[in-house]
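Please keep the sequence and the model in view while reading the points below.

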Amino acid sequence: MKQLQRTSRLRTAAVGALTVCGALVLSACGSDDNSGGSGSETSKAAGNISCDGEGKLLASGSSAQKNAMDVWTQTYQSACDTTQLNYKPTGSGAGIQEFLQGKTAFAGSDSALEPGEVAKSKKVCKGGQAIDLPMVGGPIAVTYNLDGVDDLVLDADTLAKIFDSKITKWNDPAIKKLNPDAKLPSTKIQAFHRSDESGTTDNFTKYLNTAAPASWKHEPAKAWAGKGGQGADGSSGIATNVKQNDGAIGYAELSYATGNDLNTVKLDTGAKEPVEATTGNASKAIADAKVVGQGKDLALELNYKTQADSAYPIVLATYEIVCDQGNKKETLAATKSFLKYTASEDGQQALAEKGYAPIPEEIITKVRSTIDGLK
């Protein structure tokens, strides 16, 4: 059964080495009152990037796309020196709220907008509403740190019980059954979850609730609902705590696992072989996604129960949230310019090197067309 990726938000880390000078930050949506904005625009071509607009562009939200945003921003600003982009790590939920308050040009979120948020957006998107543009895909890796064990297989049911404190020792019979050749110690399991409201949590718990409904009875949500465990702030906090504690397990985007040299769990999905968390394996799952948004909205429905060979089912799609129309004129050109680059072939190809899965061609083509029509 497929589930809509409809709730929750994820945090995102700030773009390195970028500063926003002065107090002025141009907003994308809101009233026309933006004193201090120049309103002028410049346009130039830089390689395959068309540089339009100028000024300071503020965005915030998902931390899942942090490393992708770092690469995109560095490349874009090297080509387009008339625009300063600052992407802040406020988290998906906070990023949406800042956008709905007219404070940012766009927001990053790991879950599509909820109906109530779309309704609120009409106050800042004059004559229009906020829409979801899927821009980043990738696996949510289950990371672990267990002395003497560097190859570990788990399934959805076992993961659900671990993160709900029903399995508390690494040599539990359920884990032994999945790993008959491993020397599993009696070490206590330290399960780390996000302490902030997170789209990563939303997608991870959607997987647990869909693939192991008998063992994970909590409703999927951006706020952690499982019993016990320890909270950590952001994906970086999960990775740091797992790395520092023997017996630890957590969940984070693959880039945080690879960046911290953490082991990742292989999933027994019912396929011929356990599936590793890789961008290629995630792409096979994301390719099965369907666009379920209405009109210009491109919200996706993901299949968390896939049993296809080599398809890794714990995936997420990060959306850039913008107004379909009613974007603030001072930032519209720069916003479209930057998003056109991120959705371009070059922008998407840059993702794989950082542990992300490019959005499938059929979907990203729709994203490009929608960006062209932003007003």
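**The largest pocket and its surroundings**

The residues that line the largest pocket divide into 5 nonpolar, 5 polar and 2 charged. The model under discussion is a predicted one. It contains 12 helices and 16 strands, and 58% of the 375 residues of the protein count as buried.

**Pocket**

- The largest pocket has a volume of about 170 Å³.
- Its lining is formed by I162, F163, S165, I167, T168, K188, I189, Q190, A191, K227, G229 and Q230.
- Two elements, helix 4 (156–163) and strand 9 (190–194), each contribute at least two residues to the lining of the largest pocket.

**Nonpolar core**

- The largest nonpolar core comprises 104 residues, and F163 and I249 have the most contacts inside it.
- Strand 7 (residues 130–145) provides the largest share of this core, with 9 residues.
- F163 is also one of the residues that line the largest pocket.
- When neighbours within four places in sequence are left aside, F163 is in contact with A191, F192, F204, W216, W224, G226, K227, I249, G250 and Y251.

**Cavity**

- The structure holds 1 cavity of 30 Å³ or more, and the largest cavity has a volume of about 50 Å³.
- The largest cavity is lined by A64, V136, G137, G138, P139, I140, E253, L254, L316, G355 and Y356.
- By class, this lining consists of 7 nonpolar, 3 polar and 1 charged residues.

**Helix 1**

- Helix 1 (residues 66–79) has 14 residues, and the distance from its first C-alpha to its last is 20 Å, close to the 20 Å expected at 1.5 Å a residue.
- Because 10 of its 14 residues are buried, helix 1 is largely enclosed by the rest of the structure.
- The buried residues of helix 1 are K66, N67, A68, M69, D70, W72, T73, Y76, Q77 and A79.
- T73 lies in helix 1, and T73 counts as buried because its relative accessibility is 1%, while the cut-off for a buried residue is under 20%.
- T73 and Q84 are 11 residues apart along the chain, and their C-alpha atoms are separated by 9.0 Å.

**Helix 6**

- The 13 residues of helix 6 (residues 199–211) should span 18 Å at 1.5 Å a residue, which agrees with the 18 Å between its end C-alpha atoms.
- Helix 6 is mostly covered, with 12 of its 13 residues buried.
- The buried residues of helix 6 are G199, T200, T201, D202, N203, F204, T205, K206, Y207, L208, N209 and T210.

**Contacts across the chain**

- Among contacts in the protein between residues at least 6 apart in sequence, 78% join residues that are at least 24 apart.

How values were computed: Residues numbered from 1 in each chain as written. Predicted model: local features only at pLDDT ≥ 70, side-chain atom pairs only at ≥ 80, totals over all residues. Heavy atoms only, no water. 1 Å grid on protein atoms, 1.4 Å probe; cavity = no way out; pocket = protein on both sides within 12 Å on 5 of 7 lines; lining within 4 Å. Points joined across faces, edges and corners; volume = space filled by probe spheres on them. Helix = DSSP H or I, 4+ residues; strand = E, 2+ residues; numbered from the N terminus. Nonpolar A, V, L, I, M, F, W, Y, C, P; charged D, E, K, R; others polar. Expected span 1.5 Å × (residues − 1). Buried < 20%, exposed > 50% of the residue type's maximum accessible area, 1.4 Å probe, protein only. Core = buried A, V, L, I, M, F, W, Y, C linked by side-chain atoms within 4.5 Å. Contact = heavy atoms within 4.5 Å.
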